[in-house]
Amino acid sequence: MSIWDTLVGQRPVIDTLTAAAAGRGMTHAWLFTGPPGSGRSNAAMAFAAALQCDQAGQGPDCPHRCHDCHTVLAGSHADVTRVRTEKLSLGVEEVRDLVRSSALAPNGRRWQVMIIEDADRLTDQANNALLKTIEEPTPATVWVLCAPTVEDLLPTIRSRCRLVTLSTPMAADVADHLARHQGVAPALAAYAAAASQGHIGRAKALATDEATRNRRREVVTLPTRLTHLGAAMTAAQNLLDAAKEEAEAITAALDAREKADLDAAYGVVERGKRPREYAPALAALQKSQKTRATRRVRDVVDRGLTDLMSVYRDAIAIGTGAHGDLVNADIAGDVRQLAATTTPELNLRRIEAILGAREQIMEFNVPVLLALESMMTSLLPTERD
Ligand SMILES: [Zn+2]
């Protein structure tokens, strides 16, 4: 399997990037956009490997799995810098550091590749620091910025970048990928592909992890269980609790590793005593871990709401007689019942309520439980149902 294979359903992107690595249409600044899970960072890494490959231009397809390709993909290539942040914003100091290293001549013969995975989180100041270097690039430097949409970057930056747009892959392509490269049985692959709505990582998790499937099922079967106010309140609390549990599972190991690194850096382990500077450093670490945990919970809730929304969308599709595959074919009975006992107009209003809650949670920092309770209430059956 070549790393281009991880870019599911992105043939035009693969063609553009392999051509550029071979010298056709190469430029010094790139902007990769695409919805979450479409493979922006995989695309950036594959491109970096193609640029550094000593089999000139063959990149991740290079038959010899050359040293350059191998080290790029392992994250240890000296001329590939990759920035991803767990923080809410990427500041000017970090960008200045990057700009400094971008100006160095590459150790190897080819490029100095700078990848910023969360370019949408650059502060205005950081954007401006970046702009200067993109306007006057050093000959061997390539910047690859990744963001969900072009609107996430200042116009001055995006106008200087060559745009590469990853699209949401088709369910059939995702299912094929899971079956071919992950050894997933066809029926399970088809379910996971549909349920993930084009998010490759999510599709993989759904195909390979039963707990993930069960958690999703809890969410998508909610509409039939939301029969009265008490059920709505319970559903809100349960969704938040499940999100906390899942987020905790993701961050616990990372938190522990960071704490161990900090202890090691201050010699806390060997000497068994704590230097004066340790306490503030520990407090700063705990604060950033807390921020990250909060964000993870919000992200998990957000994904749950996307799943929930898909049930109402399916019901609308059935209600309006639209043809096409259901996202939730695995609970087709529930969806049909929902479609039969309500109207497309009411379900559209429910989708709006879910979108409203997502916005409150993700953009306006409304307490998650509050937003969920209010949303669940508006999902209850009305007299007109
Ligand atoms: Zn190679």
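**How the helices pack**

Q: In this predicted model, what makes helix H7 (residues 171-181) and helix H9 (residues 200-208) oblique to each other?
A: H7 and H9 pack at about 50°, with their axes 11 Å apart. Roughly parallel needs an angle under 35 degrees and roughly perpendicular one of 65 to 115, so about 50° falls among the rest and the pair is oblique. The crossing of H7 and H9 is right-handed.

Q: Which residues make the contact of H7 with H9?
A: Val-174, His-177 and Leu-178 come from H7, while H9 brings Ile-200, Ala-203, Lys-204 and Ala-207.

Q: Why is helix H16 (residues 344-362) called roughly antiparallel to helix H17 (residues 368-379)?
A: Their packing angle is about 175°, and their axes are 9 Å apart.

Q: What are the residues of the contact of H16 with H17, and how do they divide by class?
A: From H16 come Arg-350, Ala-353, Ile-354, Ala-357, Gln-360 and Ile-361, and from H17 come Val-368, Ala-371, Leu-372, Met-375, Ser-378 and Leu-379. They divide into nine nonpolar, two polar and one charged.

Q: How do you know whether helix H14 (residues 278-319) is roughly parallel or roughly antiparallel to H17?
A: Look at the crossing angle again: the axes of H14 and H17 come within 12 Å and cross at roughly 5°. Angles under 35 degrees count as roughly parallel, therefore H14 is roughly parallel to H17.

Q: Which residues of H14 and H17 meet?
A: In H14, Arg-298, Val-301, Leu-305, Leu-308 and Tyr-312 meet Val-368, Leu-372, Met-375 and Leu-379 in H17. This contact has eight nonpolar residues, no polar ones and one charged.

Q: Where do the domains of the protein chain lie?
A: The domain assignment gives domain 1 (11-165), domain 2 (171-208) and domain 3 (229-378). Between the C-alpha centres of domain 1 and domain 2 there are 28 Å.

Q: Which elements have the lowest and the highest mean pLDDT?
A: Helix H13 (residues 268-271) has the lowest, 68, and strand E1 (residues 29-33) the highest, 97. Across the protein chain the average is 90, and 96% of the residues score at least 70. A friendly caution: where pLDDT is low, the predicted coordinates should not be read in detail.

Terms used:
Residues numbered from 1 in each chain as written. Predicted model: local features only at pLDDT ≥ 70, side-chain atom pairs only at ≥ 80, totals over all residues. Heavy atoms only, no water. Axes fitted to C-alpha atoms, helices over the stretch in contact; angles between N-to-C directions. Helix = DSSP H or I, 4+ residues; strand = E, 2+ residues; numbered from the N terminus. Parallel < 35°, antiparallel > 145°, perpendicular 65-115°, else oblique. Left-handed = near helix turned anticlockwise from the far one by under 90°. Contact = heavy atoms within 4.5 Å. Domains from an automatic or database assignment. pLDDT = per-residue confidence, 0-100. Nonpolar A, V, L, I, M, F, W, Y, C, P; charged D, E, K, R; others polar.
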